[in-house]
Amino acid sequence: MFRRLLAEKNWCMRPGDRTDRRREAHVIEADDGMLIGSFTRLTKVRTKEFRLLLEAEASRPSPLDLRPVVRQLEQKERRHRQRAERKRTVKELIWAPPASLSALDRQRLYKQGRREADAIRKRLPSIGLLRYPEQFSEGFRIYLKDWKQDIQAARSVLNARHPLERRYGPDSPLDIQSACIVRMMKEGWSRLKQAYLAVERARQELDELEARKILFSRKRRLSQAEEQYRQALAQLAEILRYLVQFILYHLGLSSQKPDPIQCPVPIEREVTLQDYLEERRELLQTLLDEKARRLWIKDRCREAEHKRARMIAEWYAERVPQCEQAHQTIARLERLHRLSWSLPEDVRMGIRDLKRQGQLQMALRELDRFYERDALVSLPSDQLPQIMPLRKRTSPTPSLSP
């Protein structure tokens with residue numbers, strides 16, 4: 001814009017004539033050579049900033065500069081020549097005799113053929129969909145049905161979970177587990193406390209009756225008070241029994257499902273429940289106190305968690321051979337379902353005929369036989385003799401001293 005302004009006034013800007021420290025200064029003069037003044041003095045621009053402006057202007061390409069276009073065309077031409085060279089190399093490998101190719105050339109030719117085959121396979125329409133088996137022959141439908149059943153059975157073995165995992169789900173903190181137990185047994189705690197208070201009242205009435213000296217029909221009232229006290233004790237023991245059995249069964253520490261509470265308690269069970277209550281006096285006092293009850297439940301939750309983890313680990317350890325067998329079965333079935341193009345033509349056609357006939361097991365044996373034979377052939381010659389001594393050492397012969 002500044003240069004256009006100078007051109008409109010028929011002025012120009014050129015380097016100055018001074019040779020001292022201000023030799024890089026520029027001056028503005030008219031068309032007839034009359035000096036107008038110094039650029040930096042007229043525009044109030046520092047010399048250093050003016051020098052940076054000149055360098056930026058010199059580095060900026062001209063609108064008519066075709067060098068970037070030429071550079072892009074040269075790069076495009078170079079890539080075109082390299083592509084043509086690669087195609088020519090591959091074409092020479094295709095028409096060359098196989099015996100004259102090196103291992104690296106054969107590998108390159110194989111990869112190129114695989115890429116072209118994959119590209120052609122993507123463009124080809126699908127022959128059939130497994131979602132519509134009615135379009136296949138009867139034998140192939142039988143093969144598909146047996147194949148699906150076998151692979152589902154193998155995957156069910158791999159996806160199996162321990163019953164404790166399905167019942168309790170993922171591990172949760174002990175505070176959450178204990179809070180859930182307390183919330184589930186909220187009504188049970190209130191009934192336990194009410195039964196304990198009923199026992200205390202019955203005991204107090206019995207003590208008051210025994211303390212009286214003169215009372216008509218004292219013996220009959222004492223027997224009634226003793227009966228009420230005994231029934232209250234049995235009811236307290238029954239509620240305590242149900243609470244403990246429910247907690248242990250819910251946490252997995254016991255396999256016995258708790259029997260429902262029976263109130264009033266049958267007479268034949270009163271003696272058993274009284275013995276049960278005597279054995280668990282300390283536990284009763286613990287469950288009646290809220291803080292001690294939470295600590296006791298948290299200890300039971302920790303014990304149940306350790307027990308479940310140990311049982312689940314042992315269960316998975318016992319199932320390792322089954323899981324390995326299931327993995328091998330899935331690998332064999334997937335390898336049979338999608339035959340590799342590296343298989344010989346006769347082997348692939350024979351397996352395809354067996355699949356069309358519905359012979360799943362025969363097709364699997366044929367494929368396994370080929371891979372086992374291929375594995376034996378691929379062993380190095382120095383490893384083949386070592387197999388026999390290993391088999392001989394497995395026989396029950398006494399060990400020899402050195």
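Two strands count as paired if DSSP finds at least two bridges between them. In this predicted model, three strands meet that description and form an open sheet in the order β1-β2-β3, with antiparallel pairing. β1 and β3 stand at the edges, each with a single partner strand, so one side of each has no neighbour in the sheet. From one strand to the next, the twist averages 25 degrees.

Strands of a sheet pair through backbone hydrogen bonds, in either a parallel or an antiparallel sense. Here strand β1 (residues 11-15) runs antiparallel to β2, and five bridges join the two. Within this pair, Met13 has Ile28 of β2 as its bridge partner. Ile28 has Gly37 as its bridge partner in β3, while Val27 stands opposite Ser38 of β3. The hairpin of β2 and β3 has four residues between the strands, and in that hairpin Gly33 takes a positive phi near 95 degrees.

Is strand β2 buried or exposed? Buried means under 20% relative accessible area. Five of the five residues of β2 (residues 26-30) are buried, so the strand is largely enclosed by the rest of the structure. Both of its faces are covered: His26, Ile28 and Ala30 are buried on one side, and Val27 and Glu29 are buried on the other.

Most residues other than glycine have a negative phi. Asn10 is not a glycine, yet its phi is positive, near 60 degrees. Asn10 lies in the loop between α1 (2-8) and β1, and counts as exposed because its relative accessibility is 51%. Lys44, also not a glycine, has a positive phi of about 60 degrees. The loop that holds Lys44 runs between α2 (39-43) and α3 (47-59). Lys44 counts as exposed because its relative accessibility is 71%.

The helices supply a packed pair. Two packed helices are described by the angle between their axes and the distance between the axes. For helix α6 (residues 138-158) and helix α14 (residues 320-337), the axes come within 9 Å and cross at roughly 150 degrees. Angles over 145 degrees count as roughly antiparallel, which makes α6 roughly antiparallel to α14. The crossing of α6 and α14 is left-handed.

Which residues of α6 and α14 meet? From α6 come Tyr143, Leu144, Trp147, Asp150, Ile151, Ala154, Arg155, Val157 and Leu158. Their counterparts in α14 are Gln322, Cys323, Ala326, His327, Thr329, Ile330, Leu333, Glu334, Leu336 and His337. The residues of this contact divide into 12 nonpolar, four polar and three charged.

Leaving aside residues up to four places away in sequence, Trp315 touches Ala160, Arg161 and His162. Trp315 and His162 are 153 residues apart in sequence, and their C-alpha atoms are 7.4 Å apart in space. With a relative accessible area of 22%, Trp315 is partly exposed.

Definitions and conventions
Residues are numbered from 1 along each chain as its sequence is written. This is a predicted model: local features need pLDDT of at least 70, side-chain atom pairs count only at pLDDT 80 or more; totals for chains, interfaces and linings use all residues. Side-chain values use heavy atoms; hydrogens and water are left out. Axes are lines fitted to C-alpha atoms, for helices over the stretch in contact, and angles run from 0 to 180 degrees between N-to-C directions. Angles under 35 degrees count as roughly parallel, over 145 as roughly antiparallel, 65 to 115 as roughly perpendicular and the rest as oblique. A crossing is left-handed if the near helix is turned anticlockwise from the far one by less than a right angle, and right-handed if clockwise. Contact means heavy atoms within 4.5 Å. Ala, Val, Leu, Ile, Met, Phe, Trp, Tyr, Cys and Pro count as nonpolar, Asp, Glu, Lys and Arg as charged, and the others, Gly among them, as polar. Buried means under 20% relative accessible area, exposed over 50%, partly exposed in between (1.4 Å probe, protein chains only).
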